[in-house]
Amino acid sequence: DRSVITFNGLNITKVLSSTSLQCSAHITVSNVAPMGCSIAAMDMTVMYNDKAFATMVMPAMTVTAFQDNHVTLTDQTMHITDFDQWNLFTAAMIHNKTVTWRMKSSATITAGAMGVSTTFKGIPFDKTLPLVCFNGMDDVQMDVFDMSQSTPSDLVVNMRVCMNNPSDIVIMDLGNLFFGIYYQGTFMGNLTSANSSITIPR
């Protein structure tokens, strides 16, 4: 129960439906003692501010004592169960430097010693996990500003904007984004970004 789980990366790869997302993650499980064990798959409740907003399955894994265990979770489905709470979580994820979320379940673990394996069921699993987030993404720079497609009656602007992603989060399926463009407080028009994504430079 004293083990520590750290998210090294969260990748939201696809929107599966209006209530579900496909996710992958890289985590580190550390402070495992006094012995390693195998952990069966768990039905996990995902929480923010101690209120549940989603469920997902944590796949089975094996961890070794007294070392950092690097685990890759691939193509897991997160089912959104409370959209009000989900909206609060995603707003915090966009605007805050870090967000703490909580994963809660009941574990079945199998541990072995001297050639004998013992399985324990109904072990409480309750972990609070910090996640490095977008922190407002306020490092924005204009890369391209092109008005060459404008006509006498319409001002057509093509823009390319670079935003630094300070987080450990990748979102591959943002879809189409719509922005209002302002200059010195005056609304200039709308901007559309098609098939958008947020990645992490490697």
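Guide: The lining of the second largest cavity divides into 8 nonpolar, no polar and no charged residues. Here Ala, Val, Leu, Ile, Met, Phe, Trp, Tyr, Cys and Pro count as nonpolar, Asp, Glu, Lys and Arg as charged, and the others, Gly among them, as polar. The elements that give two or more residues to this lining are β1 and α1 (83-95). The largest share, 3 residues, comes from α1. Helices (H or I, at least four residues) and strands (E, at least two) are DSSP runs, numbered from the N terminus.

This is a predicted model: local features need pLDDT of at least 70, side-chain atom pairs count only at pLDDT 80 or more, and totals for chains, interfaces and linings use all residues. Residues are numbered from 1 along each chain as its sequence is written, and side-chain values use heavy atoms, with hydrogens and water left out.

Now the names. L10, I12, C23, M78, W86, F89, M93 and W101 form the lining. A cavity is a set of points, on a 1 Å grid over the protein atoms alone, where a 1.4 Å probe fits but cannot get out; lining residues have an atom within 4 Å of a point. The volume is about 50 Å³. That is the space filled by probe spheres set on the points, with grid points joined across faces, edges and corners.

For context, the count is 2 cavities of 30 Å³ or more. The largest cavity has a volume of about 120 Å³. Its lining has 14 residues, with F7, L10, A25, M56 and L73 nearest the centre. By class, that lining has 12 nonpolar, 2 polar and no charged residues.

How values were computed: 1 Å grid on protein atoms, 1.4 Å probe; cavity = no way out; pocket = protein on both sides within 12 Å on 5 of 7 lines; lining within 4 Å.
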